[in-house]
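Welcome! Please take a look at the sequence and the 3D structure below, and then follow along as we walk through some of their features.

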Amino acid sequence: MPPRLPGLRVAVLLGSTRSEGPPRPAPLGVRVGAFIKRELVSRGHDVVVVDPNESNLPLLRRPHFSYSPGKAPAPLDELAATFKHADAYVMCTPEYNHAPGPALLNMLDHFGSSVFSFKPSAIVSYSSSQWGGTRAAHALRPVLSELGCLPVSAMVHVPKAHEAFVDNSGVPAEDPDRWSSYAGRCISQLEWWGNAARDFKAKANPALASPALLKDPSERNAP
């Protein structure tokens with residue numbers, strides 16, 4: 001067994017606001033998220049789950065970074081603080097029309113890279129079909145890369161999620177050891193990169209050489 005790495009602060013972002021099936025009972029994302037949280041906690045991590053049903057963000061009209069400090073709506077400021085406090089992220093996305101969940105994208109689009117940059121992320125996808133949301137997972141990778149929370153290579157895909165997780169306990173309906181081992185490969189990569197990023201940021205501030213885009217696209221220094 002490899003040595004256990006120090007615990008991280010991990011934000012698990014759920015990606016659906018669906019409250020009704022099929023498949024029933026809905027929502028599936030809460031069940032998949034409970035499994036991921038359970039696995040992370042068992043490995044010593046401090047986990048917060050961000051559910052778009054609870055954050056109640058509207059469809060994007062004005063992103064958080066467009067407000068002056070202290071002027072953003074309280075829910076936006078609270079989410080920004082949660083995301084900034086995290087060392088790593090796990091995105092739990094359904095697959096709708098071969099794409100990531102719009103609730104997850106809407107939540108991410110409210111923030112810029114200054115909130116997420118220089119930290120790793122992991123992708124967990126699910127669906128009620130046999131493919132487990134793999135197309136949505138791959139479509140999410142460039143979004144996370146643009147936000148600066150680079151996704152690790154290993155991903156977790158949950159096919160027939162309504163059968164794999166039948167309640168919100170986080171315990172798979174069958175073969176819990178196999179599911180834990182499967183998720184563990186992805187989580188172990190997140191742990192390695194999360195600790196590496198956190199430790200090195202304590203020595204050098206990456207924002208000094210790569211400052212955040214705050215006011216104008218010209219700050220990207222692009223042609």
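## The surroundings of Pro 120

Leaving aside neighbours within four places in sequence, Pro 120 is in contact with Asp 87, Ala 88, Tyr 89, Cys 149, Leu 150, Val 152, Leu 190, Trp 193 and Gly 194. The model you are looking at is a predicted one. You can find Pro 120 in the loop between helix 5 (113–116) and strand 5.

Is Pro 120 buried or exposed? Its relative accessible area is 4%, and the cut-off for buried is under 20%, so Pro 120 counts as buried. The chain also brings Ala 196 into this picture: 76 residues separate Pro 120 and Ala 196 along the chain, while their C-alpha atoms are 9.7 Å apart.

How many of the six residues of strand 5 are buried? Six of the six are, so strand 5 is largely enclosed by the rest of the structure. Both of its faces are covered: one side carries Ser 121, Ile 123 and Ser 125, the other Ala 122, Val 124 and Tyr 126, and all of these are buried.

Strand 5 also has strands to pair with. With strand 3 it pairs in the parallel sense over six bridges, and Thr 93 stands opposite Ser 125 of strand 5. Strand 6 runs parallel to strand 5 as well, joined to it by three bridges. If you look for the bridge partner of Tyr 126 in strand 6, you will find Val 158.

Where does helix 8 bend? The bend is at Gly 184 and amounts to about 30°.

The buried residues of helix 8 are Trp 179, Ala 183, Gly 184, Cys 186, Ile 187, Gln 189, Leu 190, Glu 191, Gly 194 and Asn 195. What do they pack against? Their partners are strand 1 (9–14), helix 1, strand 3 (88–96), strand 5 (121–126), strand 6 (156–158) and helix 7.

## Aromatic rings

A search of the whole structure turns up nine aromatic pairs. In one of them, the ring centres of Phe 35 and Phe 165 are 4.9 Å apart and the planes meet at 35°, so this pair is tilted. Phe 35 belongs to helix 1 (residues 28–42), whereas Phe 165 sits in the loop between helix 7 (161–164) and helix 8 (176–201), so the pair ties together parts that are 130 residues apart in sequence. Both partners are buried: Phe 35 has 1% relative accessibility, and Phe 165 has 0%.

Another pair brings together Trp 192 and Trp 193, whose ring centres are 4.8 Å apart with planes at 80°, so it is edge-to-face. Trp 193 is partly exposed, with a relative accessible area of 49%. The charged end of Arg 178 sits over the ring of Trp 179, 5.6 Å from its centre, and Arg 62 lies over the face of Tyr 67, at 3.9 Å from the ring centre.

## Two loop residues with positive phi

His 98, in the loop between strand 3 and strand 4 (99–100), has a positive phi near 65°. At 48% relative accessibility, His 98 counts as partly exposed.

Asp 175 lies in the loop between helix 7 and helix 8. Its phi is also positive, near 50°, and with 44% relative accessibility Asp 175 counts as partly exposed.

## A last stop at Lys 84

Our walk ends in helix 3 (residues 74–85), where Lys 84 is found. Lys 84 counts as partly exposed at 48% relative accessibility. Which residues does Lys 84 touch, not counting those up to four places away in sequence? They are Val 115 and Lys 119. As for Gly 184, which lies 100 residues from Lys 84 along the chain, the C-alpha atoms of the two are separated by 25 Å.

Note on methods: Residues numbered from 1 in each chain as written. Predicted model: local features only at pLDDT ≥ 70, side-chain atom pairs only at ≥ 80, totals over all residues. Heavy atoms only, no water. Phe/Tyr/Trp six-rings, centres within 6.5 Å; stacked < 30°, edge-to-face > 60°. Helix = DSSP H or I, 4+ residues; strand = E, 2+ residues; numbered from the N terminus. Buried < 20%, exposed > 50% of the residue type's maximum accessible area, 1.4 Å probe, protein only. Lys NZ or Arg CZ within 6 Å of the ring centre and 35° of its normal. Bend = angle between axes of the 7 residues up to and from the residue. Contact = heavy atoms within 4.5 Å. Pairing = 2+ DSSP bridges.
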